[in-house]
Amino acid sequence: MNYLRAENLSKRFGERILFEGISYTLAKGNRVALIAKNGTGKTSLLNLLTQCDEPDEGSVVIDRHIKWAYLEQEPQFDPKENVWEAVFNSDNEILKAVAEYEICIEELEQNPDDVSWQNRLQNAMEMMDNMQAWDIEARVHTILTQLNLQHHLNHTADQLSGGQKKRLALARVLIQSPDMLILDEPTNHLDIQMIEWLEAYLKSQDITLLLVTHDRYFLDTICTEIIELDLGQLFVYKGNYAYFLEKKQLRETYQAKEADQARKLARKELEWMRRQPKARTTKSKSRIDAYYETKEKASFRKDDSQVEIQMQMKRMGSKILEVHQLAKSFGALKIAEDFTYLFKPGERIGVIGKNGVGKSTFLNLLQGLEKPDFGRVVKGETIKFGYYGQQGLQIKEDKRVVEVITDIAEYLEVGKGVKLTAIALLRMFLFDAKKQHNYVSALSGGEKRRLYLLTILMQKPNFLILDEPTNDLDIETLNVLEEFLEGFEGCLLVVTHDRYFMDNLVDKLFVFEGEGYIRDFNGNYQDYLNEVEEKKQEAYLAKQELNKPKIAPKIEAPKPVEKRKLSFKEQRELEQLETEMAELNERKTSLETLLLQGGSNHEELTKWSLEIERIKFNLDEKELRWLELTE
């Protein structure tokens, strides 16, 4: 069954052709990643597929019997609408029923004896029962909590940061439980824990996906098909990211050979075209058409340009950066408490922690851009910081790209007596001659980030501090950025939610564990995950050991600790959870029995296995909430 079908799509902006005559069909159950370089039209294509924009030619058809949702790269909200209202701003009748129930509960918490609200609550509960909406209500709370929005429910959209708006938009599309979900950079502004939760959530759902992402671990975990937009055409690869890289290389090699042969043939045909008579026979017209087809093939040029640069950085002395008993707080939020560290030459350190713990503030403290409450930071005399911040490029939009670079320097020294001009550097960073003379306002988000990175490197730093450098960069630029950083001889300190990027580059972590404690961990992110998993296993085994029955002398039972009384809403939720957990366990047992019996067809066995995984995921979520309420 096909959920979405696009035929002969074309899109231009002035003289620039993004793509022409492309077609694609998204079938039910497919999980597809769209890959392309920055500025080649990924977001434009998504806007056409979701009917947010009209193509110059072609058509898009979405099955009218399905529910679908689209997460935009830059979501828009009514500025006066609060988080709670934005979540339930939908035509979905189930969500409307949940919203009515939540309103009634909130009113009765304030006025428990109000008869009119009691009656309204009774009607809302009946509606929830009829629509089987209790599971949706629990999902709403889980999603808002996992995306760290539960404490901002009454904040209006104009009070939210860009990252909070993106997480709110993600919460809104997930809560709708669509059959088909189209996501543009869903992992932007999510910390690593949120990304891992989102991976698990999407894997547990029976959902059709089309997404744009630069997170290679996320792509490999979620997607089974990759489509690449390149040179205005769409190429389909049935496999993971490693398979895509292999087949892309083969395709480009074949196209390069074909283009070389076509160029030789085109030269001969061009001579014939120049001397042919004006009167054209049917045979000559056919040959003319063949000439233009050959000319098009001959125009293929494999793009071998790479972000490859070895700069001559400032000399680094023995004293790098010393941090002594650093402390910083904002009200109740502790960023750092008694943190001491002496940086060594060539260290490569990743910084991880949940959103809002103060990672960016920590980077500012190290550079002297923020003053600590206590302690001191001593910078070596030879140290020159290169800071790539989240705020991006802060320059006038009416400047040309080449002017941005020449304002810093006309050339860059890359070795003894070797200099590269600004134009040559821009070409290395994938800005061709035409784009170099474009205004900054005409660049895509990823192209601006790439230009920003070049402005940092032009200053020849020996201590690079990168705050979320992977946001908005395409995968090709990320690969070559990693190659450059692997050869960088100075110190590197990087905050990123891209686990693949971090695992490739760092050998040490600063882990923000809360309450101002910053842990110094030797190893990359995967090493850290392995340690966390080992500790979980040890804790589980220790708990199992404690729960074993033991013969012990009879002692007087301690007085029970006084517990907080559950609210009306919480009591109702607890009862509902117990019922749902029993039903899920019963269904899981019956499916496992069916799998053990075997004898069914492959499709049914796969379907049962997927349903068991979804049930396990739901049980985990419900058991966590049940424990919170009972404790």
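Modeller: Here is a short tour of the sheets, the helices and the chain overall.

Modeller: Keep in mind that this is a predicted model.

Biologist: Okay. How many helices and strands are in the chain?

Modeller: The chain has 20 helices and 20 strands.

Biologist: Take the sheet with E5 in it. What is the strand order?

Modeller: The order is E5-E6-E7-E3-E8-E9. Those six strands form an open sheet, and the pairing is mixed.

Biologist: Which strands stand at the edges, and why does one side of each lack a neighbour?

Modeller: Strand E5 (68-71) and strand E9 (233-237) are the edges. Each has a single partner strand, so one side is left without a neighbour in the sheet. Neighbouring strands in this sheet are turned by 15° against each other on average, direction ignored.

Biologist: What holds strands of a sheet together, in general?

Modeller: Strands pair through backbone hydrogen bonds, either parallel or antiparallel.

Biologist: And in which sense do E3 and E7 pair?

Modeller: Parallel, over four bridges. E3 covers residues 31-35 and E7 covers residues 208-212. Leu34 has Val212 in E7 as its bridge partner.

Biologist: Which helix lies across E5?

Modeller: Helix H6, residues 162-175. H6 lies across both E5 and strand E6 (180-184), and runs at about 170° to E5.

Biologist: New topic: H3 and H5. At what angle do their axes cross?

Modeller: Roughly 70°, and the axes come within 10 Å. Angles of 65 to 115 degrees count as roughly perpendicular, so H3 and H5 are roughly perpendicular to each other.

Biologist: Which residues meet there?

Modeller: From H3, Ile94, Leu95, Val98, Tyr101 and Glu102. From H5, Trp134, Ile136, Glu137 and His141. They divide into six nonpolar, one polar and two charged.

Biologist: Now the sheet with E14. What's its order?

Modeller: E14-E17-E18-E12-E19-E20. This is an open sheet of six strands with mixed pairing. Strand E14 (385-388) and strand E20 (517-522) are its edges, each pairing on one side only. The twist averages 15° from one strand to the next.

Biologist: What does E12 do with E19?

Modeller: E12 (residues 348-352) and E19 (residues 508-514) pair in the parallel sense over four bridges. Ile352 stands opposite Val511 in E19.

Biologist: Last one. What share of the chain's residues counts as buried?

Modeller: 48% of the 631 residues. The chain exposes about 34100 Å², and carbon and sulfur atoms supply 49% of that area.

Conventions
Residues are numbered from 1 along each chain as its sequence is written. This is a predicted model: local features need pLDDT of at least 70, side-chain atom pairs count only at pLDDT 80 or more; totals for chains, interfaces and linings use all residues. Side-chain values use heavy atoms; hydrogens and water are left out. Two strands pair if DSSP finds at least two bridges between them. Helices (H or I, at least four residues) and strands (E, at least two) are DSSP runs, numbered from the N terminus. Axes are lines fitted to C-alpha atoms, for helices over the stretch in contact, and angles run from 0 to 180 degrees between N-to-C directions. Contact means heavy atoms within 4.5 Å. Angles under 35 degrees count as roughly parallel, over 145 as roughly antiparallel, 65 to 115 as roughly perpendicular and the rest as oblique. Ala, Val, Leu, Ile, Met, Phe, Trp, Tyr, Cys and Pro count as nonpolar, Asp, Glu, Lys and Arg as charged, and the others, Gly among them, as polar. Buried means under 20% relative accessible area, exposed over 50%, partly exposed in between (1.4 Å probe, protein chains only). Accessible areas come from the Shrake-Rupley method with a 1.4 Å probe; for residues, only the protein chains shown count as cover.
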